[in-house]
Amino acid sequence: MVESRGDESSGTPVGRRVVLGMLGLGAAGVAAGPHLQRVVEAVTSRDPTGLSDLVPGGGGFRYYSVVASVPGRTAADYELRIDGLVDRPATLRLADLEALPQTRIVHDVQCVTGWRVPATPFEGVRLSLLLERAGVRDGAAAVRFSCFDGAYSESLTLDQARRDDVLVALRMQDRPLGHAHGGPVRLYVAPMYFYKSAKWLSGITVTPEVRPGYWERLGYDVDAWVGRSNGRDDAPTG
């Protein structure tokens, strides 16, 4: 996934590829996962120049990518499909989501690699409301999330998906979600490590079982409660 802190222009795919190519990180940063991230953080935490903000591990939100680039979506062409074990499949546009009741959550954001951004506001539609409107069928036990980057996916159990602190988010830091933050719509799972909060959300599919997401197929925990998974002991988000 790709995250930015503040200025979204610093997170554009072209600029990021150039910087990563210069520093020889590139795809190795994704392949090495948390271990390389901790090495980079050890360097950037002592960087007095500020230049490390241009690479993964540069403070605030960090940059991760599982694809080379992601096409943008606007209000004119964005669609969110809700299907699977539901009575009323639907395709929602951005305006449809904006017209539904909005919930604002202020929580710390915690990455499984160790960095944290405190008191980050997210606003959007509770996932539980969308599931209720769709009508979950008997036999359903989980929800799978797909993304329009064409690669990323995530899953939650049905009980987890129905929590009040799980949003289909349209806003972050009190402004519309920009592309670098996963906009125009992303998942936000407040009490779990941030890889569960899938960006560029395009599909919500109710399933009979949990289907491990992108990073989980590479060894990350399916249940990603902050402080209780992936061998970490971070304080719970709050």
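This is a predicted model: local features need pLDDT of at least 70, side-chain atom pairs count only at pLDDT 80 or more; totals for chains, interfaces and linings use all residues.
1. Five strands make up an open sheet of mixed pairing, ordered β2-β1-β10-β5-β6. Its edges are β2 (90–92) and β6 (153–157), each of which pairs on one side only. From one strand to the next, the twist averages 15°.

2. The β1–β2 pairing. Strand β1, residues 80–84, runs antiparallel to β2, and the two are joined over 3 bridges. Within this pairing, I82 has A90 of β2 as its bridge partner.

3. The helix on the sheet. Helix α5 (residues 127–134) packs against the sheet and touches β1, β2, β5 (142–147) and β10 (201–207). The direction of α5 lies at about 60° to that of β10.

4. Residue L170. This leucine belongs to strand β7, which spans residues 166–172. L170 counts as buried because its relative accessible area, 8%, is under the 20% cut-off. Beyond its neighbours within four places in sequence, L170 contacts residues including L94, L97, E98 and Q102, as well as R175, P176, L177, P184 and V185. E123 and G124 are also among its contacts. L170 and E123 stand 47 residues apart in sequence, yet their C-alpha atoms are 6.1 Å apart in space.

5. The cysteines. C111 is buried, at a relative accessible area of 8%, and C147 is likewise buried, at 7%. With sulfur atoms required to lie within 2.5 Å, the disulfide count is 0.

Definitions and conventions. Residues are numbered from 1 along each chain as its sequence is written. Side-chain values use heavy atoms; hydrogens and water are left out. Helices (H or I, at least four residues) and strands (E, at least two) are DSSP runs, numbered from the N terminus. Buried means under 20% relative accessible area, exposed over 50%, partly exposed in between (1.4 Å probe, protein chains only). Contact means heavy atoms within 4.5 Å. Two strands pair if DSSP finds at least two bridges between them. Axes are lines fitted to C-alpha atoms, for helices over the stretch in contact, and angles run from 0 to 180 degrees between N-to-C directions.
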